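This briefing is intended for a reader who is meeting the structure for the first time. Please consult the sequence and the model shown below while reading the points that follow.

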Amino acid sequence: MPDTLTFLGIESSCDDTAAAVVRDGPDGPAILSSVVQGQTRLHAGFGGVVPEIAARAHAERLDHCIEQALSEAGLEVTDLDGIAVTAGPGLIGGVLSGVMCAKGLAAGTGLPLVGVNHLAGHALTPRLTDGLGFPYLLLLVSGGHCQFLIVNGATEYRRIGGTIDDAPGEAFDKAARLLGLNQPGGPEIERVAKSGDAARFALPRPLLDRAGCDISFSGLKTALLRARDGLVCDQGGLTRQDQADLAASFQAATKDILT
């Protein structure tokens with residue numbers, strides 16, 4: 001194996017089309033470039049990510065992301081030692097878009113192709129960004145997944161807990177819809193919550209009274225729904241301050257659960 005390895009990475013598991021060039025050598029790993037093209041505008045009118053729209057957008061953008069990532073790294077395809085691509089989990093149409101693009105590149109260049117677990121990519125990112133050494137405790141929080149892992153090596157993980165229902169990202173999206181906010185829910189709730197009173201509504205912190213590292217957000221969402229419906233019943237609707245206070249209370253409860 002050569003002293004230095006340079007890989008192109010391709011990611012298309014949800015609604016971000018991404019490509020990056022990473023090099024590992026005697027001085028350690030380095031991110032040479034990272035290009036991300038989001039799709040928020042394409043899905044804004046649907047209250048969430050539409051898999052078919054996401055897959056088509058990936059197919060249209062992948063080659064541009066890859067070209068830009070190589071350009072920013074100052075490299076050509078011939079300078080690469082291999083190609084890595086998200087092979088799951090994720091929205092199947094998006095994953096297929098990335099995998100087929102990567103297969104085509106690998107076939108055309110003769111470079112080796114490596115399929116990468118999407119969650120392993122998240123789990124190993126601190127190695128690249130912060131030089132973190134094994135082992136470490138990881139709280140993996142993404143749109144569709146949430147789990148606590150002991151990361152012992154690049155392919156060695158021990159799951160010690162996780163969500164038993166919704167992931168936090170999913171819960172934020174659903175909470176935003178309950179409050180009449182735009183998507184994606186996380187940034188919208190954070191924006192509105194800045195002017196809210198997090199102590200106004202006593203929302204629950206599920207499972208905090210139990211041993212173990214499992215977490216839950218389903219009951220929290222239900223409590224938010226009931227608090228909203230109570231206000232609508234009493235006063236005929238929600239004021240902007242009601243929205244802000246509900247958002248702040250929900251955000252605070254989620255923070256406490258994860259902490």
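Three strands form an open sheet in the order β6-β7-β8, and their pairing is antiparallel. Strands here are DSSP runs of E with at least two residues, helices are runs of H or I with at least four residues, and both are numbered from the N terminus. Two strands count as paired if DSSP finds at least two bridges between them. The model is a predicted one: local features need pLDDT of at least 70, side-chain atom pairs count only at pLDDT 80 or more, and totals for chains, interfaces and linings use all residues. Residues are numbered from 1 along each chain as its sequence is written, and side-chain values use heavy atoms, with hydrogens and water left out.

- β6 and β7 run antiparallel and are joined by six bridges.
- Leucine 139 has phenylalanine 148 as its bridge partner in β7.
- Helix α4 lies across β6, β7 and β8 and runs at about 130 degrees to β6. Such angles run from 0 to 180 degrees between N-to-C directions, with axes fitted as lines to C-alpha atoms, for helices over the stretch in contact.

**The five-stranded sheet**

- Five strands form an open sheet with mixed pairing, in the order β3-β2-β1-β4-β5.
- The edges are held by β3 (28–37) and β5 (113–117), each with a single partner strand, so one side of each is left without a neighbour in the sheet.
- Neighbouring strands of this sheet are turned by 25 degrees against each other on average, direction ignored.
- Strands β1 (residues 5–11) and β2 (residues 17–25) run antiparallel and are joined by seven bridges.
- Valine 22 is the bridge partner in β2 of phenylalanine 7.
- Helix α2 (residues 51–73) lies across β1, β2 and β3, at about 140 degrees to β3.
- Helix α4 (residues 118–130) also packs on this sheet, where it touches β1, β2, β3, β4 (82–88) and β5 and makes about 95 degrees with the direction of β5. A contact means heavy atoms within 4.5 Å.

**Nonpolar cores**

- In soluble globular proteins, nonpolar side chains tend to be buried together.
- A nonpolar core is a set of buried Ala, Val, Leu, Ile, Met, Phe, Trp, Tyr and Cys residues joined through side-chain atoms within 4.5 Å.
- The largest core has 27 residues, of which Ile189, Leu203, Leu220, Leu224, Leu246 and Phe250 touch the most other members.
- At least two residues of this core come from each of β7 (146–153), α5 (168–178), α6 (185–193), α7 (218–235) and α8 (240–258).
- With seven residues, α8 gives the most to this core.
- A second, separate core has 20 residues, including Leu8, Ile83, Val99 and Ala102.
- Not counting residues up to four places away in sequence, isoleucine 189 touches Phe172, Ala175, Ala176, Leu181, Ala247, Phe250 and Gln251.

- Serine 12 lies in the loop between β1 and β2. Serine 12 is buried, with a relative accessible area of 1%.
- Buried means under 20% relative accessible area, exposed over 50%, and partly exposed in between (1.4 Å probe, protein chains only).
- A polar atom of the serine 12 side chain lies 2.6 Å from the backbone oxygen of glycine 94.
- Serine 12 touches His58, Gly94, Val95, Ser97 and Gly98, not counting residues up to four places away in sequence.
- Threonine 109 lies in helix α3 (residues 92–109) and is partly exposed, with a relative accessible area of 36%.
- The side chain of threonine 109 reaches the backbone nitrogen of leucine 111 at 3.3 Å.
- Between threonine 109 and serine 12 there are 97 residues of separation in sequence and 21 Å in space, C-alpha to C-alpha.

**Cysteines**

- The whole structure was searched for disulfides, and zero were found; a disulfide is a pair of cysteine sulfur atoms within 2.5 Å.
- The cysteine sulfur closest to that of cysteine 101 belongs to cysteine 65, at 9.8 Å, too far for a bond.
- Cysteine 146 is buried, with a relative accessible area of 3%, and its sulfur is 11 Å from the closest cysteine sulfur, in cysteine 213, too far for a bond.

Terms used. Polar contact = N/O pair within 3.5 Å; in protein donor to acceptor, adjacent residues only side chain to side chain.
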